[in-house]
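Welcome! Please take a moment to look over the sequence and the 3D view before reading on.

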Amino acid sequence: QVQLVEYGGGLVQPGGSLRLSCAASGNISSINAMGWYRQFPGKERELVAAITSGGSPNYVDSVNGRFTISRDNAKNTVYLQMNSLKPEDTAVYYCNAELFGIASMTLGYYWGQGTQVTVSS
């Protein structure tokens, strides 16, 4: 079964740090672009950071300079290092990736299960 599994969410004080990870598993051969999204209560899901297959990152303005997205293709994993966290960062964070299977067949876009990040004193 193809899936994305997230780790690393939790409770942290303002100014603290967390590192999220998202690993793809199942019968996959490669991964194209990957990204992190977050969803505030009662709001639509929004893109936070994305990274191309070649490792080029992009960030939404509100996290630029504080968050860093990276990937390890050998481990089929994408990371989000979050520093200088603010209460406004509190949300459920989801990873997303376009996966490929046998003979480079496009499997489609998959979502992680979501992990809660809470920033509070």
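The sections below cover the ground rules, the strands, the disulfide, the salt bridges and one arginine.

## Ground rules

This is a predicted model, in which local features need pLDDT of at least 70 and side-chain atom pairs count only at pLDDT 80 or more, while totals for chains, interfaces and linings use all residues. Residues are numbered from 1 along each chain as its sequence is written, and side-chain values use heavy atoms, with hydrogens and water left out.

## Strands side by side

Let us begin with strand 3. Strands here, like helices, are DSSP runs numbered from the N terminus (strands are E runs of at least two residues, helices H or I runs of at least four). Two strands count as paired if DSSP finds at least two bridges between them.

Strand 3 pairs with strand 1 (residues 3–7) in the antiparallel sense, over 5 bridges. Along this pairing, Tyr 7 stands opposite Ser 21 of strand 3.

## The disulfide

A disulfide is a pair of cysteine sulfur atoms within 2.5 Å, and by this rule the model has 1 disulfide. Its partners are Cys 22 and Cys 95, with their sulfur atoms 1.9 Å apart. Because Cys 22 lies in strand 3 (residues 18–25) and Cys 95 in strand 9 (residues 91–100), the pair ties together parts that are 73 residues apart in sequence.

The link between Cys 22 and Cys 95 is right-handed, with 55° about the S-S bond. Are these cysteines buried or exposed? Cys 22 and Cys 95 are both buried, where buried means under 20% relative accessible area, exposed means over 50%, and partly exposed is in between (1.4 Å probe, protein chains only).

## A network of salt bridges

A salt bridge is a side-chain nitrogen of Lys or Arg within 4 Å of a carboxyl oxygen of Asp or Glu. The count by this rule is 3 salt bridges. One of them joins Arg 38 to Glu 46, with the closest N and O atoms 3.5 Å apart. Arg 38 has 3% relative accessibility, so Arg 38 counts as buried; Glu 46, at 26%, counts as partly exposed.

Asp 89 also bridges to Arg 38, with a closest N and O distance of 3.0 Å. Asp 89 lies in the loop between strand 8 (77–82) and strand 9 and Arg 38 in strand 4 (residues 30–39), so this pair ties together parts that are 51 residues apart in sequence. Arg 66 forms a salt bridge with Asp 89 as well, at 2.8 Å between the closest N and O atoms. Both Arg 66 and Asp 89 are buried. Shared partners join Arg 38, Glu 46, Arg 66 and Asp 89 into one network.

Now turn to Arg 71, which is found in strand 7 (residues 67–72).

The side chain of Arg 71 does reach the backbone oxygen of Thr 52, at 2.9 Å. Leaving aside neighbours within four places in sequence, Arg 71 is in contact (heavy atoms within 4.5 Å) with residues including Ile 31, Met 34, Ile 51, Thr 52 and Val 78.

Methods:
A polar contact is a pair of N or O atoms within 3.5 Å; within protein, one must be able to donate a hydrogen and the other to accept it, and residues adjacent in sequence count only if both atoms are side-chain atoms.
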